[in-house]
Amino acid sequence: MSDTLPETDREEMMARHRKEKKELQSKIQSMKKMKVDKKKKKELQDEIASLEADIEKRHAEEMNRLNISESAEEPKSSEEDHPAENGECNTSEKAEPRASKAQRRREKKAQDDREREAQIKQEEEVLSKSSPRVIENNRINEILSKRGLKSHVVAADGDCLYNAIGHQLTLQGIGAYATPELRTMAADYIEANRDTMICYMSHPDTGDMLSPEEFDKYCHQVRATKSWGGELEIKALSSSLKCPIEIIQAVGPSTVHGEEESKDRKLILTYHRHMYRLGEHYNSTQPLPTRPDENED
């Protein structure tokens, strides 16, 4: 009976882990459906990431404790428990068998350790493949691949939108723009179109329309800080640059700002909700490498 207990404990633990992960996913789905403002949305995303990290850490610790407990149990030799009935004690004859049994125990323990490590690694791979970040990236890469594109990663430093647009402008041969230039361009457009743009702006805490002072502060942040850029800045840059800007995301259709502009000047970005814990992120895109045989006549 005792030989089956460790395996039973492992099966029960893994079943409980699966149940807890399923319950967490259900809770996360409910949290994602909540209608909240932009600030609260970021707080929810941070909380979701924290919940996922906590459960993965706890499950790994529980599995590690079980592995340590199992490795501490060493089987006893039946021959060691029952001395020879004839009472003989010839050390020269028994020394070699005892060493052989000890060696077999060491080999068995080493094999068990390798199997446990392999199982832990397999479980970690399954967890990583089911993470929101990996799922999102896979979907976006699939969409890009169908269009002959691949992702071009930009730094997550608050300037990701402007860096991604700058990369696209250079890639398309439209021009070379530094991030400060693009920030100034976006801020200038928002200020020049105050009456129109302010209708799309609201206070992150109250949801109220911005006051004149708050509007001016917002434009200053766009121009002079590393404040994160979003749809408002995309609209401003699309109009200023006379370029359609398409945003591809994992879920739902892509959105295009400035559809009335020339399609030959289209810039294509990707939008990620789960790439980093700090919040949303934009990447650029670039064409997939051309195969050598595709250029042959």
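Salt bridges number 13 in this predicted model. One of them joins Arg-223 to Asp-188, with a separation of 2.7 Å between the closest N and O atoms. Because Arg-223 belongs to helix H9 (residues 212-224) and Asp-188 to helix H7 (residues 179-192), this contact ties together parts of the chain that are 35 residues apart in sequence. Both partners have intermediate accessibility: Arg-223 is partly exposed at 29% relative accessibility, and Asp-188 is likewise partly exposed at 39%.

Helix H9 also contributes Asp-216, whose side chain meets that of Arg-194 in a salt bridge with an N to O distance of 2.9 Å. Arg-194 lies in helix H8 (residues 194-197), and the pair links distant parts of the chain, 22 residues apart. Asp-216 is partly exposed, with a relative accessibility of 38%; Arg-194 is partly exposed as well, at 29%.

A further salt bridge connects Lys-266 with Glu-246, the closest N and O atoms being 3.4 Å apart. Lys-266 is located in the loop between strand S3 (255-257) and strand S4 (267-276), whereas Glu-246 is in strand S2 (residues 245-249), so the contact ties together parts separated by 20 residues in sequence. The two side chains fall into separate accessibility classes. Lys-266 is partly exposed, with a relative accessible area of 26%. Glu-246, by contrast, has a relative accessibility of 4% and therefore counts as buried, the limit for that class being under 20%.

Salt bridges also occur as a network, in which Arg-16, Glu-20, Arg-58 and Glu-62 are linked.

Methods
Residues numbered from 1 in each chain as written. Predicted model: local features only at pLDDT ≥ 70, side-chain atom pairs only at ≥ 80, totals over all residues. Heavy atoms only, no water. Salt bridge = Lys/Arg side-chain N within 4 Å of Asp/Glu carboxyl O. Helix = DSSP H or I, 4+ residues; strand = E, 2+ residues; numbered from the N terminus. Buried < 20%, exposed > 50% of the residue type's maximum accessible area, 1.4 Å probe, protein only.
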